[in-house]
Amino acid sequence: MKIRPAGIGSSNADWMGSLSPKLSAMPLKYLAVPGSHDSFTYWVDIHAPVGPDQKAYVQYLATVFRQMAKKVMVKWAMTQNLTFREQLDAGIRYFDLRVSSMPGDPDNDIYFIHGLFGHKVRDGLSDINSFLNRHKKEMVFLDFNHHYAMKAEHHTYLIDMLKEVFGGKLCPVSPVEDITLNYLWENKFQVIVFYHHPSAEGCPVLWPGSRIPAPWANTTKPLKLIQFLKTTLDLRSKKGAFHVSQAILTPKVPTIAKGLVWGLRSYLVERNLPIIMSWVEEQRPGLNGVNIITSDFVDLTDFANIVINLNKLLLSEPT
């Protein structure tokens, strides 16, 4: 297929609210939803310490080579060009979030992280909440799946922050089959938060990570990735969970060494996107099909539109 970049000025800001009544009555686990991988990496701070998610030798190299090393890390840490606001306007509704405390931070705050530290989590959540305030029929999945250098008090701080920022928009843990857009609209719920840590156990508005499996291929080879995506879809749970298909390639140390100066986008993503996006276009949502699909650099193709339009296939199915 030919890669088609997302159109400048195009918007899917209200795509959920514009779905047909047949689709809004279906469980969300049957709909196709576009998501972003490492959603927050559109900005990382080269002046901050290297993150605790990195191996010791990476932290050592960054200490020795300082800004030079971090400038290289940026090229491999960034997986998105668009801000949260821009991703939301484009139609992205699932966000892959990794968080950490920062060594030496006097405020003891929580930051997004992927090799290097990004924005404060509170700032990102506030941007998302502002969007939801303007688009009452849109909802988001926030998947907090990695936590680094976080003690009990950090988790308490983050959980309280989520409740404070989103308040009544938070959807309580419920049977997945009951979660339709109609149900969310009726109850004014707009946010489903998954929190992959025991600290969230017993909290009625934080969903366990087991409700949203996201199998990871961990490969640099697009054909191996596609086979993995097919296999994991066949094994997808029929009840009780959403499902994430991670349509992403993962660089390994030799890959980074070969493409050091080019970075993730130029060396690995752009050249393999046509194959990956061809697979996405061939999918079908529904009981045995795709649900949430994530991608790196969601603006490089018409990714969100392609995924959203898969839902039209469900209109031809008998009610």
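Me: Which helix does Gln87 lie in?
Reply: Gln87 lies in helix α3, residues 84–90; a helix here is a DSSP run of H or I with at least four residues, numbered from the N terminus. This is a predicted model, in which local features need pLDDT of at least 70, side-chain atom pairs count only at pLDDT 80 or more, and totals for chains, interfaces and linings use all residues. Residues are numbered from 1 along each chain as its sequence is written, and side-chain values use heavy atoms, with hydrogens and water left out.

Me: Why is Gln87 called buried?
Reply: Buried means under 20% relative accessible area, taken with a 1.4 Å probe and protein chains only. Gln87 has a relative accessible area of 0%, so Gln87 is buried.

Me: What is Gln87 in contact with, leaving aside its neighbours within four places in sequence?
Reply: Contact means heavy atoms within 4.5 Å. On that basis Gln87 is in contact with Ser36, Ser39, Tyr42, Gln80, Leu82, Ile92, Phe95 and Val298. The C-alpha atom of Gln87 is also separated by 9.2 Å from that of Ala304, 217 residues apart along the chain.

Me: What makes α7 and α9 roughly parallel?
Reply: Axes are lines fitted to C-alpha atoms, for helices over the stretch in contact, and angles run from 0 to 180 degrees between N-to-C directions. Helix α7 (residues 222–234) and helix α9 (residues 264–281) pack at about 20 degrees, with their axes 10 Å apart. Angles under 35 degrees count as roughly parallel, and α7 and α9 are therefore roughly parallel to each other.

Me: Which residues make the contact of α7 with α9?
Reply: From α7 come Pro222, Leu223, Leu225, Ile226, Leu229, Lys230 and Leu233, and from α9 come Asn272, Ile275, Ile276 and Trp279. By class these are nine nonpolar, one polar and one charged; Ala, Val, Leu, Ile, Met, Phe, Trp, Tyr, Cys and Pro count as nonpolar, Asp, Glu, Lys and Arg as charged, and the others, Gly among them, as polar.

Me: Why are α4 and α5 called roughly parallel?
Reply: The axes of α4 (residues 121–134) and α5 (residues 152–166) come within 10 Å and cross at roughly 25 degrees. That angle makes α4 roughly parallel to α5.

Me: Which residues of α4 and α5 meet?
Reply: Val121, Arg122, Leu125, Ser126, Ile128, Asn129 and Leu132 in α4 meet Tyr157, Leu158, Met161, Leu162, Glu164, Val165 and Phe166 in α5. They divide into 10 nonpolar, two polar and two charged.

Me: How much of the chain is buried?
Reply: Buried residues make up 54% of the 319 residues in the chain.

Technical notes: Helices (H or I, at least four residues) and strands (E, at least two) are DSSP runs, numbered from the N terminus. Angles under 35 degrees count as roughly parallel, over 145 as roughly antiparallel, 65 to 115 as roughly perpendicular and the rest as oblique. Buried means under 20% relative accessible area, exposed over 50%, partly exposed in between (1.4 Å probe, protein chains only).
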